[in-house]
Amino acid sequence: MTAILFVGDVVGTAGRRVARAMLGDLRAELGADFVVVNGENAAGGIGITPKTADELFAAGADVITLGNHTYRHREVWPYLQERRPIIRPFNFLPSQPGRGTVEVERGGVTLGVVNLAGNLYMNHAAPHLLAVEEALQAVRGADHVLVDVHAEATSEKVALGWHLDGRVDAVVGTHTHVPTADARVLPGGTAYVTDVGMTGARGGVIGVRREQSIAVMRTQMPQRYDASDEDPWINAVLIRCEPGRRAATSIEPILRPLPAT
Ligand SMILES: [Fe+2]
Ligand SMILES: [Fe+2]
């Protein structure tokens, strides 16, 4: 039995604090063989830097996935080209640095991870339901496969779940920062959830300090956004995979506050 812990978008300092404090214990408690973390908001709430990516790897991430904020910080562009298990959506343009799939190994079992971007608000290069075929080719030798579909529209994620049902172990949605209540194993054996949620401050507005977000909505004037620190939580899912087969037996939401120290 192989277990994968997938952690929703890590946002800012609060999200990284949760990752540092909780990933090691959760891996042990849940018996997770692999930990995959969406890190697109790890640096200050938008994007990721080499330093914050290194911090997530040190906290226990085996693979980092990304999303629409991938290129916010210039210094990460070359980092994405080096041989690290950090991937950006596969269906970005070839001109955009980085790779969209990766394979990692633990105890003789391999996990292929695919990152895809939806269409709405995402500027992708190719529709994710088409691009996924080439992405799956790249990880065809992997024992288990997890797809992180980073998308705004629920329909784009639901459609991909059905499209891949029976072909991959899991399709997990990211980007909206709000966990959905639809985690289940589809009839063909693919674990699915529309959005895993966010790992960061639940006291903000999807990660942003709430007074800033409210002020923008009330005044329709720009204002600086800072990542909130209030009430940090982890939002993740645990997927248990069938041995010797690309299928899941369960998917369970893991939604917990950062324990008080
Ligand atoms: Fe995000
Ligand atoms: Fe995003």
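I began with the pairing criterion, under which two strands pair if DSSP finds at least two bridges between them. In this predicted model, I then looked up strand S5 (residues 101-106) and strand S6 (residues 109-117), which pair in the antiparallel sense over 6 bridges. Within that pairing I noted that Val 104 has Leu 111 in S6 as its bridge partner, and that in the hairpin, with 2 residues between the strands, Gly 107 takes a positive phi near 55 degrees.

Next I turned to the nonpolar cores. The largest has 35 residues, and those touching the most other members are Leu 5, Val 7, Leu 23, Ile 48, Leu 56, Ile 64 and Ile 86. Among the elements that give two or more residues to this core I listed strand S1 (2-7), helix H1 (12-30) and strand S12 (232-241), and I recorded that H1 gives the most, with 6 residues. A second, separate core of 21 residues includes Val 104, Leu 146, Val 193 and Ile 239.

Last I examined the metal site. The iron ion (ligand 2) is coordinated at 2.1 Å by Glu 40 (OE), Asn 68 (OD1), His 150 (NE2) and His 175 (ND1), and I classed the arrangement as irregular because the 4 donor atoms subtend angles of 88 to 143 degrees, where a tetrahedral assignment would need all angles between 85 and 135 degrees. I also found that Glu 40 bridges this ion and the iron ion (ligand 1), the two lying 3.4 Å apart. Asn 68 lies in the loop between strand S3 (63-65) and H3, and His 175 in the loop between strand S8 (170-174) and strand S9 (184-185), so the pair ties together parts 107 residues apart in sequence.

Notes: Residues are numbered from 1 along each chain as its sequence is written. Chains are lettered from A and ligands numbered from 1 in the order in which they are written. This is a predicted model: local features need pLDDT of at least 70, side-chain atom pairs count only at pLDDT 80 or more; totals for chains, interfaces and linings use all residues. Side-chain values use heavy atoms; hydrogens and water are left out. Helices (H or I, at least four residues) and strands (E, at least two) are DSSP runs, numbered from the N terminus. A nonpolar core is a set of buried Ala, Val, Leu, Ile, Met, Phe, Trp, Tyr and Cys residues joined through side-chain atoms within 4.5 Å. Buried means under 20% relative accessible area, exposed over 50%, partly exposed in between (1.4 Å probe, protein chains only). Donors are N, O and S atoms within 2.8 Å of the metal (3.2 Å for Na, K and Ca); water is not among the atoms, so sites may look incomplete. Four donors count as tetrahedral if all angles lie between 85 and 135 degrees; four count as square planar and six as octahedral if opposite donors are over 155 degrees apart and all others between 65 and 115; anything else is irregular.
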